[in-house]
Amino acid sequence: MNSDLILLGHGSGGRLSHQLLDELIIPALSGIAPSGQDDAALLPPPAGQLAYTTDSFVVDPIFFPGGTIGSLAVHGTVNDLAMMGAQPLYLSVGLIIEEGFSRADLKTVLDDMRQAADKARVRIVTGDTKVVPRGKADKIFITTAGIGSVEHDIAIHGANARPGDKIIINGTVGDHGIAVMAGREGLNVGTDIRSDSAALNSLVAAIIAEAGDLLHVLRDPTRGGIATTIKEIAQQSEVGIALHEEQIPVNQAVRGVCSILGLDPLFVANEGKLLAFVAPEAAERVVAAMRQHPLGIQAAIIGEVVDGEPGRVRMETSVGGTRAVEMLAGEQLPRIC
């Protein structure tokens with residue numbers, strides 16, 4: 001028996017399952033996972049309104065420049081809560097592991113989850129592990145759920161964009177999708193393109209503290225990139241949106257790879273970026289506050305909400321023209337999260 005690999009017996013609920021939990025999973029999450037193997041976590045009720053979300057992660061490869069499937073699972077769930085103005089509190093984690101997966105790689109994934117949770121100040125309080133036969137999964141899939149508390153009465157949602165709002169992003173777009181694609185395809189892009197995967201809850205707290213109820217929408221532009229996300233908000237809020245291509249920050253290396261491969265960075269996934277729709281009188285103050293945060297140094301106003309043409313998004317291009325921005329029919333880059 002190879003003790004370095006995950007076996008079907010590790011998902012049986014018997015002795016091997018308990019050994020995997022006792023020897024690897026619970027110790028790797030030490031400090032945030034509760035001791036013992038009860039059927040549920042007992043949690044003190046938080047103050048304020050609850051926010052609750054769930055997500056699944058099937059990224060390929062599971063290790064990529066700037067992150068792993070473990071850190072990504074924590075960041076993605078934390079960010080979904082933060083985009084509702086919630087402070088993330090608790091996470092659950094479900095692991096679907098393919099028979100033959102390396103125990104060493106599993107430990108790396110779990111260690112990254114613990115470190116990401118520690119940094120985001122969120123606790124992993126419960127979870128589940130299943131093992132499927134070889135070929136029935138791809139190494140490891142992770143499902144998470146998160147609970148957060150909303151301790152303010154600001155209405156932050158995708159249907160709340162208003163004419164005049166300025167649209168702010170906290171940094172360069174497309175980094176995550178290109179980093180994952182380069183890792184998957186073994187591309188030598190000749191530069192260090194890294195995923196932007198990060199937990200944004202502390203940045204959101206700074207935005208809320210500065211803008212208050214002049215903050216109307218928050219959204220993290222993951223699959224489909226900023227173009228798809230902004231189109232969704234235009235449709236939800238029934239407003240028109242004008243974007244300015246030259247004001248959208250793009251890493252030059254990412255722009256170069258996209259140009260070579262025929263990709264549009266505006267449609268490439270991000271995992272550490274947010275879009276904030278803010279009343280015009282607060283926009284410059286919010287940008288200044290964001291630039292004081294490590295994840296907002298390159299914050300920029302990239303557009304505004306306009307009267308008329310509900311659901312339409314138009315972009316002033318860098319060459320002086322105007323083009324419509326629509327959703328793609330499918331994904332440019334599958335399995336990026």
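A contact means heavy atoms within 4.5 Å. This is a predicted model, where local features need pLDDT of at least 70, side-chain atom pairs count only at pLDDT 80 or more, and totals for chains, interfaces and linings use all residues. Residues are numbered from 1 along each chain as its sequence is written, and side-chain values use heavy atoms, with hydrogens and water left out.

**Exercise 1.** Find what share of the chain's contacts with a separation of 6 or more joins residues 24 or more positions apart.

*Solution.* Start with the contacts that have a separation of 6 or more; residues 24 or more positions apart account for 87% of them. For one example, turn to Ile241: leaving out residues up to four places away in sequence, its partners include Ile167, Phe277 and Val313.

**Exercise 2.** Work out whether the radius of gyration agrees with that of a compact globule.

*Solution.* Take the radius over C-alpha atoms, and the globule rule as 2.2 Å times the number of residues to the power 0.38. For 337 residues the rule gives a value near 20 Å; the chain has 21 Å, so the two agree.

**Exercise 3.** Locate the nonpolar cores, meaning sets of buried Ala, Val, Leu, Ile, Met, Phe, Trp, Tyr and Cys residues joined through side-chain atoms within 4.5 Å.

*Solution.* First, count what is buried (under 20% relative accessible area, 1.4 Å probe, protein chains only): 51% of the 337 residues. Next, pick out the largest core, with 71 residues; Leu106, Ile140, Ile178 and Ile241 have the most contacts inside it. Helix H3 (residues 103-120) gives the most to this core, seven residues; helices here are DSSP runs of H or I, at least four residues, numbered from the N terminus. Finally, apart from that core lies another of 22 residues, among them Ile168 and Leu274.

Notes. Buried < 20%, exposed > 50% of the residue type's maximum accessible area, 1.4 Å probe, protein only. Helix = DSSP H or I, 4+ residues; strand = E, 2+ residues; numbered from the N terminus.
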